[in-house]
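Subject: A structure for you to look at

Hi,

Here is the structure I promised to pass on.

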Amino acid sequence: MTSHAHVKGILQWHIDAGVDETVGETPVNRFELVDAPVRVPATSSPGQSNTAKRSSPPPTRPGDAPAGPSGEEAVKSAYELAEKASDTDELRAALEQFDGCALQKTATNLVFFNGDPKAKLMFVGEAPGAQEDRQGEPFVGPSGALLDKMLASIGIERSEVLVSNTVFWRPPGNRTPTPQETAVCMPFMERLIELVDPDVLVTLGGPASKALLGETQGVGRLRGRWFTYETARMSHPIDATAMFHPAYLLRTPSQKRAAWSDLLGIQDKLSG
Ligand code: URA
């Protein structure tokens, strides 16, 4: 093998393993970084009436970017910042100030939400991908294009809904967010739902469904069913349901039939 081919092979190996962003000029030995174990405080948040199953995240692993303040402090500070916001602009400003999520170290942009802050229909996906990270907007890549078509099929334009994710920075290599990353973003997501107060909340894919509906089953078992979502600050529960993630539907077109049936259920609920 020529040395050029050898170097190319090494680079390809890294890309295949999910290392698709360079983040620093000098190497960091993450095995030398000591992280304190992390617990989500049981009493620091309003909680969801139906599902209060916010999981305690495990200690950060060697190889994870260091979380800045300890995980417990980061969640507490996230609740303190999020609770003060009285509209979605203030909430975005609070999130811009927040420095407690490890994903901020590797992401290019904050990806919070787009769409109508007064939407009747709100979607929450898993995490921003590469294109979302570059543009600072959720669901602008191939998954977003399919989401737009799905909405159009029930007569709804993308600008009429609000779209966000369980974490607001792209996980490196598009890996699933860790429980800790989800936990530190959750106070902002809870406040976002409180402020938007949609008629219907839809979680897209397994991670978002587990995080927000507090269920442990896979999305294949949750879709087509209705739940309620509520925090202590909300005056009434919100109807919530789960759907397959558009990225999964792109890979598994045979499930589009199920997604169509779910969309009709959502349309029904909105008109009811
Ligand atoms: N997938 C998601 O879950 N969210 C995005 O914003 C893009 C792709």
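Let me start with a question: in which helix do arginine 191 and glutamate 194 both lie, and how many residues apart are they? The answer is helix H6, where the two are three residues apart, about one turn of the helix. Please keep in mind that this is a predicted model.

**Salt bridges**

Arginine 191 and glutamate 194 form a salt bridge, and their closest N and O atoms are 2.6 Å apart. Are these two residues buried or exposed? Arginine 191 has a relative accessible area of 11%, so it counts as buried, because the cut-off for buried is under 20%. Glutamate 194 is buried as well, at 13%.

Glutamate 194 has another partner: its side chain meets that of arginine 233 in a salt bridge, at 3.4 Å from N to O. Arginine 233 sits in the loop between strand E5 (226-229) and strand E6 (238-243), whereas glutamate 194 is in helix H6, so this pair ties together parts that are 39 residues apart in sequence. With a relative accessible area of 42%, arginine 233 is partly exposed. Put together, Arg191, Glu194 and Arg233 are linked in a network of salt bridges.

The structure holds five salt bridges. One of them joins aspartate 148 to arginine 158, with 2.9 Å between the closest N and O atoms. This pair links distant parts of the chain, ten residues apart: aspartate 148 belongs to helix H5 (residues 142-152), and arginine 158 to the loop between H5 and strand E3 (162-165). Aspartate 148 counts as partly exposed, at 31% relative accessibility, while arginine 158, at 16%, counts as buried.

Now for the nonpolar side chains. In soluble globular proteins, such side chains tend to be buried together. Here, the largest nonpolar core has 65 residues, and Phe98 and Phe188 are the ones that touch the most other members. Which helix gives this core its largest share? Helix H6 (residues 179-196) does, with nine residues.

Leaving aside neighbours within four places in sequence, phenylalanine 188 is in contact with Ala78, Leu81, Ala82, Leu91, Ala94, Leu95, Phe98 and Phe168.

Enjoy exploring!

Definitions and conventions
Residues numbered from 1 in each chain as written. Predicted model: local features only at pLDDT ≥ 70, side-chain atom pairs only at ≥ 80, totals over all residues. Heavy atoms only, no water. Core = buried A, V, L, I, M, F, W, Y, C linked by side-chain atoms within 4.5 Å. Buried < 20%, exposed > 50% of the residue type's maximum accessible area, 1.4 Å probe, protein only. Helix = DSSP H or I, 4+ residues; strand = E, 2+ residues; numbered from the N terminus. Contact = heavy atoms within 4.5 Å. Salt bridge = Lys/Arg side-chain N within 4 Å of Asp/Glu carboxyl O.
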